[in-house]
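User: I'm new to reading protein structures. Could you walk me through this one, feature by feature?

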Amino acid sequence: MTSSREKNEPRKLPMMPIRDMVIFPYMMTPFVVGRESSVRALEEALNGDRKIFLATQHDASIDEPKAKEIYQVGSVCNIVQSVKMPDGNIKVLVEGVERAKSMDVTDRDGFFVATVRMGKSNFEMTPAVEQLMQRVTSLFEQYVKLQQSLNYETIIASVKMDEASRLSDVIAANLQLGIEEKQELLSIFDPAARLARIADVLDIEIEKLDLDRNIQSRVKRQMERAQKEYYLNEKIKAIQKELGRGEKSEYDELRKKIEAAGMPKDVLDKAIQELKKLEAMPPMSAESTVSRNYIDWLLAVPWKKKSKETRSIDYAEKVLNEDHYGLEKIKERILEFLAVRQLVKNPKGSILCFVGPPGVGKTSLGMSIAKATGRKFVRLSLGGVRDEAEIRGHRRTYIGALPGQIIQHMKKAGTKNPVFLLDEVDKMASDFRGDPASALLEVLDPEQNTTFQDHYLDVDYDLSQVLFVATANVLHTIPAPLQDRMEILRLQGYTEQEKLEIARQYLVKKQRDQTGLTEKNVVIKDDAILEIIRNYTREAGVRNLERELGNLCRKVARKVVKNGAKHKEEITGANVAEFLGVPRYRESEVHEKSEVGLVTGLAWTEVGGSILTTEVQVLDGKGKLTITGQLGDVMQESAQAALSYIRGKAQALGLSREFYRNVDIHLHVPEGAIPKDGPSAGITMATALASALAKIPVRRDIAMTGEITLRGKVLPIGGLKEKLLAALRAGLFEAILPRANEKDLQEMPDNIKKHMKLHFVDQMDEVLALALESPLPTPVPPEAEVLTAVPQAEMTGNLSSRQ
């Protein structure tokens, strides 16, 4: 492309600044003139050759712009027409002739005169320019189609021309652009460069218009969809009603299901009423979804479907014996329940609560009851539940409301008489969301649960035919009203012989099957099981025992994979350590020798019985008692009571009446990091104090448990079986117990009666006589006590009491 610029002499023309518009050559533009300076410039042009230089001012808000506040490039225009209006303003119609650039601007009699140089040139057309003109014309057609504010026919007709300069200016004048962008196009004198810039601008504007149109279409579709669906649904209803086919609608299907669900009359009436409300609602409304979910839940809950019970006592006894070893009292209670079911047609549901340490089979007993009675089984874990709505549900007014876990599990069971296991009922807590234990009161009361009301369903539901079974490790965390509604059945810890039988009959086979082994691959001897029980586990149940047997089987499985399917291992007590490593526990926890102030007590915990050592150290001091070992309030009170008893028996121990004024006593119960509480360590603490003060060792081979009073009476304690089993595990075969617990001996396992020597006592004097290695010293005569008391008082500085 080549072009040659003609020689243009500068020319002086009246200049008028204009606001909010850019005037391009070849365009006819009307506007109103009102400023005094603009009127004078217009009159000057009209008096001459009717040519005027129009340039856009930078800021449209300025009324009297200066020369530097006006763009240099503008258009030389012919004044086609001017009409003076009644308000003094002049309406002008101008035609752009050519773009020009002001070289100098002067002020003459109140208006601007600009020295301008024209931008006209002799432009040579080339194929490249022609192709660019075609592209710009095509883009402009697309732009006008998308830009709804432009008249397509008129605008397209105006751009059908062959001159590049004219085409570019006409298109630039019709683009919906800002003042600065239009001024930029006006400032490009070369037509080819101007066309290239317009092509770039059109590309950007078309992309913006496409995006805007897509967004508007999407919004419009979304707004119309709901209206369209509502309209069509209403139309379908009307057509079906007109054709008499309404009986096959979805609502009629729901009505049939409601009538066939077997609901009580009041529930049926509420369901029908809710269905009528649902029919009257728009299908897409939020209320419609809430009502539909509510009706679905009413239909999902079992109202009349029941499991056919197996009432054969012989079958139930067989199932219970196959699944569990021992637990005779529990099995007996379950068989009694089945016997009553045979004699009474509709007995009230029973609520059993199994209480015992972990691993004794509480949860699996619930499953066995379901199996023995032929009922469905559902389990709800209450550990950590703090929200009352978990039991009773949320009201339907809340977003995302659901029934409580009781109703949800009844739906899961599918029958109205399942075995419902409430696991870990002692682990519930309460906070600002309510108390779930209180919500369970209605569930577990046979007198009230015939009309259990869930907040979501808001109708009475009959739970009286459900067999509720609760499990817990301890009772003291369960509220008393809730305990009162349950029949408490205690599961004691297993003896060594019982653990051996459980492992032999159940656990070994179970772990062998789980690891893919057979009897030809591994044989576990009884002495190996006893070795694991004694030296690798310390528990009341058999969970850790099962875990260790599984560990054994996995190690054998590895060898079978490595050496072939015919590989066989025989595990005995002698080679258990090769598989399980060093024993975790010593065979005996008995002290190596009898010591002063060191006594072995027996304690009960949530995981069974344990050994509790008590130590006392007597130091020089001023009568301070220090108690350590994380002891609870009850245990600290027992220590105070034991010390008061010892002070009352000072003479019998060979001590002066005021012995405590000269000494500090430190009582410690290891292990210090474990919290301890309870009254049953009373006689243990009193024996340790008596031994330390009298300087007489306590027998190392005897254990004791019992509560003490200030007068030395020994009171009964609980958890006797677990405590004695702990003593046996520790290698202690002699124990001192409260005489009031002698009646519990009938329930003790035979191995305890056979291997342990039990001493039942009433008074603390009997305890000391049995526990101390030598008799107490001869009591100090009263006159000797008076003589020794004075120097002791003087030594401690307590002279005021003697003066």
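**Reading the model step by step**

Analyst: Happy to! Let's begin with the surface: the protein chain exposes about 41800 Å², and carbon and sulfur atoms supply 50% of that area. Keep in mind that this is a predicted model.

User: What radius of gyration does the protein chain have, and what would a compact globule of 803 residues have?

Analyst: The chain comes out at 51 Å, while a compact globule of 803 residues would be near 28 Å.

User: How are the charges placed on average?

Analyst: Here you compare two mean positions. The chain has 115 positive and 116 negative charges, and their mean positions are 4 Å apart.

User: Now burial. What share of the residues is buried?

Analyst: Buried residues make up 46% of the 803 in the protein chain. The cut-off is that a residue counts as buried under 20% relative accessible area.

User: Since you brought up cysteines, how many disulfides does the structure hold?

Analyst: A disulfide is a covalent bond between the sulfur atoms of two cysteines. This structure holds zero of them.

User: Can we try burial on a helix? How many residues of α4 are buried?

Analyst: Helix α4, residues 164-174, is mostly covered, with nine of its 11 residues buried. Among those buried are A164, L167, V170, I171 and A172, along with D169 and N174.

User: Let's do another one. Which residues of α18 are buried, and what covers them?

Analyst: In helix α18 (residues 526-535), the buried ones are A528, I529, L530, I532, I533 and N535. Their cover includes the helices α17 (496-514), α19 (543-563) and α20 (576-580), plus the strands β16 (522-524) and β17 (569-571).

User: Where are Y26 and D458 in the chain?

Analyst: Both are in loops. Y26 is in the loop between β2 (11-18) and β3 (28-33), and D458 is in the loop between β12 (452-453) and β13 (460-461). Y26 counts as partly exposed because its relative accessible area is 21%, and D458 is partly exposed because its value is 34%.

User: Last one: how do I compare separation along the chain with separation in space?

Analyst: Pick a pair and check both numbers. D701 and G731 are 30 residues apart along the chain, and their C-alpha atoms are separated by 8.3 Å. D431 and I752 are 321 residues apart in sequence and 45 Å apart in space, C-alpha to C-alpha. To find the two aspartates, look for D701 in the loop between β23 (697-698) and β24 (703-704), and for D431 in the loop between β11 (419-423) and α15 (436-443).

Technical notes. Residues numbered from 1 in each chain as written. Predicted model: local features only at pLDDT ≥ 70, side-chain atom pairs only at ≥ 80, totals over all residues. Heavy atoms only, no water. Disulfide = S-S within 2.5 Å. Rg over C-alpha atoms; globule rule 2.2 N^0.38 Å. Buried < 20%, exposed > 50% of the residue type's maximum accessible area, 1.4 Å probe, protein only. Areas by Shrake-Rupley, 256 points an atom, 1.4 Å probe, with all protein chains shown as cover. Lys, Arg positive; Asp, Glu negative; His and termini not counted. Charge placed at Lys NZ, Arg CZ, Asp CG, Glu CD. Helix = DSSP H or I, 4+ residues; strand = E, 2+ residues; numbered from the N terminus. Contact = heavy atoms within 4.5 Å.
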